[in-house]
Each structure stands twice: as structure tokens, then as C-alpha cells.
Amino acid sequence: MGTKLVERLRQRNERYIALHLRFEPDMLAFTGCYYGGGEKEINDMAKLRKQWKNIPHRNPEKARRNGRCPLTPEEVGLMLRALGYGSDTYLYVASGEIYGGETALAPLKQMFPNFFTKDTLSTKDELRPFSAYSSRLAAIDFVVCDQSDVFVTNNNGNMARMLSGRRRYFGHKRTIRPNAKKLKTLFASRQNMTFEVFKAKLKRYQKGFMGDPMEMRPGRGQFFENPSACICKKSNRV
């Protein structure tokens, strides 16, 4: 099914970006982040956090300061536009239920009208065998993300790290990771600068997070994220 979705994307456009958005309610509740939704958001997150035993209390401001909070859909869109991806870019979004629904997604869709998900690329009948199993739906997203020309991760979870390692090992394909610690302050002050200044600062902050071939030092990170010991150096000898 994942391969079918890749083929349908390629029929529309030769290249596409895949974004692992990770802005689901359970993700936000687990990280302890706060996005300005007032009492409703606080109550929603408190209810969700009850499903985990012994989960530590997290300070939302500290979590965001330490880069543990996913960017909002709008922030991801602004990052991609600042990095040079225009409105004609084809964007596949791998995600479950987004907290805030279509309202939260609206700015991202406005910036990238060629917006696709597994639901928009398939029929209900096609997805029915998978729809009762979250792991199977995630597996479909995994395949589409793995085959993308550029993969953008919005968190440092296992799926994102596995994809990053796979793409690094099998011939190297770009994986962009937001520098969330630095971008936090930039997004907070973006109304006080022109987009050109914002773009220049964002590009500077993203150095080392753009998925360049030698960006990750050998031995850094977990093995499945950085399998450097199994990547052979090319030889000049015939």
C-alpha cells in the first residue's frame, strides 16, 4: 500500500517531501508542551497524561527551551519556506490525528497547497484493512517517508531516527531535523523582522541539521540512527 501511494505521488510530480509531523494529542501530552490554547488545551493534555503511570511533571517552558517540543504545523511550514521550498512543492504529511484539526493544519496547507496524506491518496476501501491498526497505518507512512526525496522530521522519536539511519545507509537521502532549541526564540520574535532576515537567521541556525552526508560523527547517536560502522568508504582503486 505504501508503494502504491509513492507511485501516485510520483505520477503527480517527480519529486516530493515527506513530513513526519508528530503533532498528535498524545505526543503533545507526553512531552508536556503548551501551545497557547488556554484552559481547553491544559484540560485536554491533563486527561491524556492520566493514561501513563509515573510520568513526571514537565515544565512546558523548560521543555520548549530544551528543544523537546514539536514545531506547530505553521512553524514547520515557515521553516520549509525559509529553506527555499516554494508553494509548488509536493508535500506528503505522515501523521495521525492532529491536535487542533483542520484549524491547526490550515497555515501549512496554505503555504503548501500540494498537500497529501495517506487518506487523500487512497480510498476508504483501500485503507480499511489497515484502519483498525495504528502500527499498520504508521508502516504505510514509513514506506512513503523512506522513499521521499527529502524527509523532514518534527521530533526525535524512534520512527524518525530509524528513517534517518535507513536513508543514511541506503545511498544517503536528505533528512532535515529542526534545530528546535534555536528556532524557539526565532519563531517567538519573527513578527519583529522581515522575512528576509528571518530566512537568513533560520538558515544559520539549521547548519548541522540539514542531513548532509558527513553531518553526524561516527559513534554519535544510536546505531539504527547512525550506522556509520556499516557504511563503507568508496575506494579510488579500480
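I began with Cys33 and noted that this residue is buried, its relative accessible area being 5%. I keep in mind that I am working from a predicted model.

**Disulfide**

I next looked up how many disulfides the structure holds, and found one. The bond joins Cys33 to Cys69, with an S to S distance of 2.0 Å. I then checked where the two partners sit: Cys33 lies in the loop between helix H2 (25–31) and helix H3 (38–49), whereas Cys69 lies in the loop between helix H4 (60–65) and helix H5 (73–82), so that the pair, 36 residues apart, links distant parts of the chain. For the handedness I read the torsion about the S-S bond of Cys33 and Cys69, which is about -100°, and I therefore recorded the disulfide as left-handed.

**Burial of cysteines**

I compared the accessible area of Cys69 with the cut-off for buried, which is under 20%. Cys69 has a relative accessible area of 7% and is therefore buried. I also looked up Cys145, which is buried with a relative accessible area of 0%.

**Sheet**

I turned to the strands and traced an open sheet of five, in the order S3-S2-S1-S4-S5 and with parallel pairing. At the edges I found strand S3 (115–116) and strand S5 (174–176), each of which pairs on one side only.

Finally I looked at helix H8 (residues 134–146), which lies across strand S1 (17–20), S2 and strand S4 (150–153) and runs at about 150° to S2.

Definitions and conventions: Residues are numbered from 1 along each chain as its sequence is written. This is a predicted model: local features need pLDDT of at least 70, side-chain atom pairs count only at pLDDT 80 or more; totals for chains, interfaces and linings use all residues. Side-chain values use heavy atoms; hydrogens and water are left out. Two strands pair if DSSP finds at least two bridges between them. Helices (H or I, at least four residues) and strands (E, at least two) are DSSP runs, numbered from the N terminus. Contact means heavy atoms within 4.5 Å. Axes are lines fitted to C-alpha atoms, for helices over the stretch in contact, and angles run from 0 to 180 degrees between N-to-C directions. A disulfide is a pair of cysteine sulfur atoms within 2.5 Å. Buried means under 20% relative accessible area, exposed over 50%, partly exposed in between (1.4 Å probe, protein chains only).
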